[in-house]
Amino acid sequence: MSNDALVLLALWLLPLASAILIFAFGPMLRRSAGVIGSGAVLVPFALTWVLAASALGTGGLKVHLFDWIAGFSFGLWLDPLSLLWTLIITGVGGLIHVYAIGYMWSDRAIARFFAYMNFFVFAMLTLVLSDNFVGLLVGWGLVGLASYFLIGFWFFKPSAVAAAMKAFVINVVGDAGLMFAVFVLFAATGSTAYADVFAKAATLAPATVLLACIAIFIGCAAKSAQIPLHTWLPDAMEGPTPVSALIHAATMVTAGVYLVARCAPLWDVSPEARALVGTIGALTALVGAILGIAQWDIKRILAYSTMSQIGYMIMGVGVGAYQAGILHFFTHAFFKAQLFLAAGIVIHALHDEQDLRKMGGLGKKMPLAFWAMTIGTLAIIGFPPFSGFFSKDAVIYGALERGYPLLSLIGVVTAGITAYYMCRMLFVTFLGNNRGNVPDVDLGIPAREHSEPHFGESAPAWVMGAPVAILMVPSVVAGWVVFGGRWNALFASDFAPKPESALATVLPEWLVGVVVLAFVAWGVAAAYHRYGSFDATVSAVERLRAESQRMAQPLVRAFYFDDALEALFVRPARAVGSAFMRVVDPHVIDGVVRDVVWLAGWIGREVRALQTGLVRGYALVLALGAAAFLAYFALIGASR
Amino acid sequence: MNPYVPVGIFLGVAAVAATAFVLVPGLLARRKPNPAKSEAYECGVEPTSVVGGHFPVRFYLIAMLFVIFDVEAASFYPWAVQMHALRAYGLLEMAAFVVVLAIGYAYVWRKGGFQWR
Amino acid sequence: MPSTLTIPWGNADWNAILPLGVVALTPLLVILADLLLPRSLRRSVVLALAALGLIYAGFLAARGWGHPYSAFGGGFVTGGFTIVFQEIVIAGALFSLLLATHLGRDDQAGGAVALLLWSASGAMLMAGAANLMTIFLGLELLSLALYCLCGLAARPSAREAALKYLILSSTASGFMLYGMALLFGATGSVQLSAFAAPAASPMLFTLGSGLFLIGFVFKLSLAPFHIWTPDVYEGAPLPVTAFMSVVTKAGALAVLARFAYAALPQANAQAILVPLWIVAALSMIVGNVGALAQTDVKRLLAYSGTAQLGYVVAALAGTTSLGLRYAIFYLVAYMFMNLGAFAVVALLSREHEEGSHLSAYAGLGYRQPVLAALMTFFLLALAGLPPTAGFTGKLLILASSVDAGYAWLAVILIVGTAISAYAYLKIVLAMYARGAGAPLQRALHPASALPWLGVAICAIATFVLTFYPLAPSDVLPLVK
Amino acid sequence: MNAPMDVDVSYYIVLSTVIFFIGVGGVILRRNPLIMLMAIELMFNAANLALIAFARVWINNAGQIFAFLVITVAASEAAIGLAIVVVVFRRAKNVDVDEVAGLRG
């Protein structure tokens, strides 16, 4: 085994070793678990850079681990695509680990927390480094499991446990879809290795590829919170904030983007699948942004914005603008992690208060959080020259270039809405007067239970501050990688070159950029007028109260997705009529155990009715079966 | 022509015939039950007890045990016929058989299977 | 010693059936112990004796690897195939013993365990039987003991299960026996090895094969001959159900595979076996659809077993040697994931109530997080998600059925899997249902160490087999 | 079909087939479990008859030994069957399998 291979193996297994170590010796380690855990992620980050050169070489770095059975082998594969993901997982992940030392400082179970976090990093690395579908599927399942543990980390909170269950169940639905896809691809190509499957992709029947793509995308939609499987993501914010930053913003939820990009050869031969994924992505972007408008919980706003931004990425990779979608993943990882970490500082300082209405005027008290949040917001709304500007623009223009003007238009509108709700959050949190002492009723906040604030000593401020400060740099500059066309050249071996489209020649890229900027400017202005101007901040209490009382119900209830998804989803599913579609029924999505789904339940009950319990009836079935057997055998016997 | 082809045909005929014999009466027979018809006839006297009579459950159990040991005893027959030819080997085999049977017998006895409670 | 009749077999023949003999004779010790020991010791001594006997038999069987031998004039053929199936039977019986700490009343314990072992010895006989008589004897030994075991619980449903199993299984035996008579008539021999030659009457031969197959398709509970399974599984005591779900099926599969691979004449083997693939396909659909609406886990596992054995038989399609290895691997995987689920049910059982109803699982994720996690693992394994042996097994079966030219079976397998994910997910959902039964902290069964052992072994095996699909190459069945 | 015999063997086979199907019909149609068990015995004995007849055809004693084995097994089966029927219907008024249908679905 070459040195590179050993290094790759080490960076893959280090987080696992650390997780086991911390789990075994947790009570003894206490806070030093955080140091070990962070080290076990930052060291692989450094190791990844060592491998960058060989990963960018022809074919990437391949490490064959072991032969499984004849025709199946397990291995790792570091190519530009997985290299990018590995860098983000370990780099951003490492910073979040450091931050978490401070955030979890006074938590008794800090060791357990870092064991889970390291386990997650290992699972995520398995997902992106695997060179075949089986390893991918294993990683896919394990990240779901890690996410389940971490969302429910504060298991004494019923809401956290419920959210964890919901996330787990939807993820299992996604796993089943992905498993189905692997079976289909395997049945069609006789292999589970990426290389073999993709080599044969062009020769497969279009229907097979479409079926596989749809099944894969069910997995992606569940993992990446695409409608209609998105409802778990806002709830998942019940977990500790570093978890939200790492799993539910920067890495795990982008696994769907990774998978679609990885399976580009499949999508390249199936225009229908391409249209489907692109459309779902665009709709998710739009719906997520709209839902972000009506939230008061700072983390839920960020959750919806995550959903919306992943919608952009999925739209990008879906329509075939792979480089653009991946670029957006790249920049998003920085600025979204930064937004979450900054929000975490605020939440931590206010003793677990997450309601915007109880904040206000925090800009002077927490300058670091304020500036971090401002830079993150500028990045996410696509303000030049911050990173989000380049990537979002690339996605919107990419959709146009590849002949999806409608999706592109949705992207433009969404950009405006994004600017509005992100600035709304920023202004309400940091400008005006502090409303921490205003009674809930005066702010229109319904009666609620206050969670017990954490008491005890705090970590040195730099532990949480430093990662946020470091993240500010890439949040600003990450988008500059597009200059000189290097970014696109990086993935030239992975993706087919873009086709020329008539529309793209009419509309130059700078013009699209200007249109997007106009929408963004409108969003910022509207938000400033409503929440940021002097008048608005002076009368903030009355305004917020009035607003929270007459806010549109559909928005508050997230378009009734949880309540009324049935109406939206059961009918098309019923029309499709396939039992498999039933799996994503709202009952399941909602995690409610009922007599399961209508069709499945109906078929099941019909079959049950055949089982009368009467011995003679069974004997008759037996005899009829025997008669059928005999008829067949008499036939072939006579033919001889 | 294969000599067994007629057998195959017979099989089919037999299946149909046998099924028909059992099914046809149920389909064709007229059924007009009335109270008088349904009554059990016992020399003009109304029956006072269940016609078949009820045997105690113990009866069945003893009968079952009898059947088992009886049939197992039937296995002695082929051995007895060839006893001299089989010599020691046959004796050993039969001894083993009897031991197994004896353990079963002891088990039933100890569990009270032979008691007429 | 002078004798007028030479005995045609010697030590080698007795050695060949030694493992089987140990399992058949241990029950004699068991019931003697039951008679002689004081009541307080009985149950534990009986269980220990039985376990020791099984383990010793397993050791003896494994020792014979690599020395195929045709014992008793071709009545019983040892070899890799026989040994693998015998070990599966022994393992299945051992696991059932782990769950059998509460089988029957105290004074029934000895008899119950003895019956379990005799039943297992019948299945072991089937694993090596290569002549119609030994096949029949093995099958009846297996079944007769099971009829009694099914009724060994103090509730009406157990007695009902026993009656149904008795009547339906005997009927199936009747079909099979008549098939055997026709096969004998067609070939003039009861040896499977004589069947390869062209039969005197092809008509009798095919009809006989058909009736013969029915008996084993019934024991494998493949649709539509599965109809008895849910009722019997639900009614029978838990350890007996667990035993049936593995041991009976292993024994029946052994006979079926030997018949399909080694006995049938090459010329029309594929034509004769077509109904087998059809019932396999039917089972994958019916089993999984039937599982959808079940609220009793034992019932659900009955349907699931129908579907799982459908996958196993599908692997045999085309009777390729690779297919047989994969079928055996999947059977082993099925044994572990299935018995693991049964062990969880055993852990949830109370004195007078088996923990098989869905309500026992509501909110289990909160009450017994480890147990719920393991149950989830087993169910996902049955559904075929990685990293479990169920996934590997299904992948292998897909491979072999496509290779053998039975792509349509592969398609049905995929569809069946998709349906089954839903059925299994239902229990997972129940266990993690929001706010269900949260405060109810029922203690686990007092004597739960043994089932826990079973759960642990099954979980580890299900996981490890994912990566090391043990499919020994030396397993083609022999007939002489 | 050269074996010297008084009655052609095919008659035995036909008889056994008829008996077999009477047995099958009995299992399906009768409601009394005791009669059902008798019907099953009919199926077994039909097989016995066929076995012995074929043993004559092929001049192979295996058929007769087989039949002997079947008789023994059938007796055990009958005993166990009787025991189960007694246990199930101990307190029931009518011996009717249709009343035993608690397990279903």
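The expected span of a helix is 1.5 Å times one less than its number of residues. Helix 22 of chain A, covering residues 509–532, has 24 residues, and the distance from its first C-alpha to its last is 32 Å, close to the 34 Å expected. The model is predicted.

**Chain A overall**
- The secondary structure of chain A consists of 29 helices and two strands.
- Chain A has 640 residues, of which 56% count as buried.
- Among contacts in chain A between residues at least 6 apart in sequence, those joining residues at least 24 apart make up 80%.

**Burial in helix 22 of chain A**
- Buried residues of helix 22 include A:V512, A:V516, A:F519, A:V520 and A:G523.
- Further along helix 22 of chain A, A:V524, A:A527, A:Y531 and A:G532 are buried as well.

**Contacts between chains A and C**
- Contacts between these chains involve 53 residues of chain A and 52 residues of chain C.
- On the side of chain A that touches chain C, two or more residues come from each of strand 1 (61–69), helix 5 (133–151), helix 6 (158–189), helix 28 (598–610) and helix 29 (615–638).
- Helix 29 of chain A supplies the largest share of that side, with 15 residues.
- By residue class, the side of chain A that touches chain C comprises 39 nonpolar, nine polar and five charged residues.

**Contacts between chains D and A**
- Chain D places 12 residues in contact with 10 residues of chain A.
- The side of chain D that touches chain A holds seven nonpolar, two polar and three charged residues.

Key. Residues numbered from 1 in each chain as written. Chains lettered and ligands numbered in written order. Predicted model: local features only at pLDDT ≥ 70, side-chain atom pairs only at ≥ 80, totals over all residues. Contact = placed C-beta atoms within 7 Å. Nonpolar A, V, L, I, M, F, W, Y, C, P; charged D, E, K, R; others polar. Helix = DSSP H or I, 4+ residues; strand = E, 2+ residues; numbered from the N terminus. Buried ≥ 20, exposed ≤ 12 C-beta atoms within 10 Å, placed from the backbone.
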